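This report covers a pocket, an aromatic pair and selected helix contacts. The structure is shown first.

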Amino acid sequence: MQLITPALTGWRWPALALAASALMLAAAHAFETFGGLAPCPLCLRQREVYWALIAMTLTGLTWWRFMPKRRFLVALNVLIGLVFVVGVIVAAYHAGVEWAIFPPPSGCSAGPAVDPFAIGDLDQVFELPACNDAPFYILGLSMAGWNGVISALLAGISFAAAAITFRSFRAS
């Protein structure tokens, strides 16, 4: 535990959480760009959690630069943990849709749709992937399932970082 404690104190954990979020987004975009796996609406929803975390953490680290108080870091680490918990919930819901535990939300079924981001012909039709079709499974988990596992680990680390920061605040 003493080996990882320095990585969880001060500004280090928020910076590492920011890097982990950027890495998860980079991996998702790599699967899309190089793997040809178009994201379904729930996949995009999972990415929104990481984008929100990046924005919140950058804002928090900027504020902390001007107000370097440990209490602020404790609150920031708790907020980071809570955002990762939201990521767990969204990923678990998506995995539940893939396993037919939950019904897919409207707009999540495969079929033709209009790409709202197409600059050219807005009447162009493309195939929208279904939210309940996982492209592959690794050790029994889909990409949504692994996203949930990773988000849960990052949430736990965030709460541990908050506790370590709080204890160091109480000790000083």
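Helices (H or I, at least four residues) and strands (E, at least two) are DSSP runs, numbered from the N terminus. The model is predicted: local features need pLDDT of at least 70, side-chain atom pairs count only at pLDDT 80 or more, and totals for chains, interfaces and linings use all residues. Residues are numbered from 1 along each chain as its sequence is written, and side-chain values use heavy atoms, with hydrogens and water left out.

**Largest pocket**

A pocket is an open set of points on a 1 Å grid over the protein atoms alone, where a 1.4 Å probe fits, with protein on both sides within 12 Å along at least five of seven lines; its lining residues have an atom within 4 Å of a point. The largest pocket holds about 570 Å³ of space, the volume being that filled by probe spheres set on points joined across faces, edges and corners. Its lining has 27 residues, and Ala28, Phe31, Cys43, Met143 and Ala144 lie nearest the centre. At least two lining residues come from each of H1, helix H2 (41-66), H3 and H4, with H1 giving the largest share, 6 residues. By class, the lining comprises 20 nonpolar, 3 polar and 4 charged residues (nonpolar: Ala, Val, Leu, Ile, Met, Phe, Trp, Tyr, Cys and Pro; charged: Asp, Glu, Lys and Arg; polar: the others, Gly among them).

**Aromatic pair**

There are 3 aromatic pairs in the structure (ring centres of Phe, Tyr or Trp, the last by its six-membered ring, within 6.5 Å; planes under 30 degrees apart are stacked, over 60 edge-to-face, the rest tilted). One of them, Phe31 with Phe136, is tilted, because the ring centres are 5.9 Å apart and the planes stand at 40°. This pair joins Phe31 in helix H1 to Phe136 in the loop between strand S2 (125-128) and H4, 105 residues apart.

**Accessibility and contacts**

Buried means under 20% relative accessible area, exposed over 50%, and partly exposed in between (1.4 Å probe, protein chains only).

| Residue | Relative accessible area | Class |
|---|---|---|
| Phe31 | 37% | partly exposed |
| Phe136 | 27% | partly exposed |
| Ser151 | 1% | buried |

Ser151 belongs to helix H4 (residues 143-171). Beyond its neighbours within four places in sequence, Ser151 contacts Tyr50, Phe84, Gly87 and Val88, a contact being heavy atoms within 4.5 Å. Leu18, in helix H1 (residues 12-33), touches Ile54, Thr57 and Leu58 when residues up to four places away are not counted.
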